[in-house]
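Welcome! Try each task yourself before you read on.

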Amino acid sequence: PTRRSADLNESNQRQERTATVAGNGLVQVWDAENGKIIPISKTNTQNGVTKFLLDLLPYESRLIVLKK
């Protein structure tokens with residue numbers, strides 16, 4: 001199964017944060033505005049949780065997909 005999550009920057013400042021998604025697999029960030037799918041290669045998976053850095057512009061949101 002594929003897992004989906006969303007991350008949102010609600011501030012007027014750019015934010016770099018560690019995103020956390022339950023499960024393991026290929027992490028992709030989907031941009032709903034332009035249709036781009038960006039694979040994330042630098043991930044860390046431990047105990048069924050995948051973490052990776054996510055850079056968000058002010059008020060930007062991203063859909064995160066974890067493909068098995």
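**Exercise 1.** Is D55 buried, partly exposed or exposed?

*Solution.* Start with the ground rules: this is a predicted model, where local features need pLDDT of at least 70 and side-chain atom pairs count only at pLDDT 80 or more, while totals for chains, interfaces and linings use all residues. Residues are numbered from 1 along each chain as its sequence is written, and side-chain values use heavy atoms, with hydrogens and water left out.

Step 1: recall the classes: buried means under 20% relative accessible area, exposed means over 50%, and partly exposed is in between (1.4 Å probe, protein chains only).
Step 2: the relative accessible area of D55 is 32%, so D55 is partly exposed.

**Exercise 2.** Which side chain meets that of D55 in a salt bridge, and which parts of the chain does the pair tie together?

*Solution.* Step 1: use the rule, a side-chain nitrogen of Lys or Arg within 4 Å of a carboxyl oxygen of Asp or Glu.
Step 1: the partner is R14, with 2.4 Å from N to O.
Step 2: R14 lies in the loop between β1 and β2, whereas D55 belongs to strand β6 (residues 49–56), so the pair joins parts that are 41 residues apart in sequence. Strands here are DSSP runs (E, at least two residues), numbered from the N terminus.
Step 3: with a relative accessible area of 55%, R14 is exposed.

**Exercise 3.** How many salt bridges does the rule give, and which are the others?

*Solution.* Step 1: the count is three salt bridges.
Step 1: one of them joins the side chains of D7 and R17 at 2.4 Å, N to O. This pair links distant parts of the chain, with D7 in strand β1 (residues 3–8) and R17 in strand β2 (residues 15–22), ten residues apart.
Step 2: D7 has 14% relative accessibility and therefore counts as buried, while R17, at 22%, is partly exposed.
Step 3: R62 and E60 also form a salt bridge, at 2.9 Å from N to O, and both residues are buried.

**Exercise 4.** Where does R62 lie, and which residues does R62 touch?

*Solution.* Step 1: R62 lies in strand β7, and has a relative accessible area of 16%.
Step 1: contact means heavy atoms within 4.5 Å. Leaving out residues up to four places away in sequence, R62 touches S5, A6, D7, V29, W30, D31, I38 and L56.

**Exercise 5.** What is the order of the strands in the open sheet, and which stand at the edges?

*Solution.* Step 1: two strands pair if DSSP finds at least two bridges between them.
Step 1: the four strands follow the order β1-β7-β3-β4, with antiparallel pairing.
Step 2: β1 and β4 (37–40) stand at the edges; each has a single partner strand, so one side of each is left without a neighbour in the sheet.
Step 3: look at one pair. β1 and strand β7 (residues 61–67) are joined in the antiparallel sense over six bridges, and R3 has L66 in β7 as its bridge partner.
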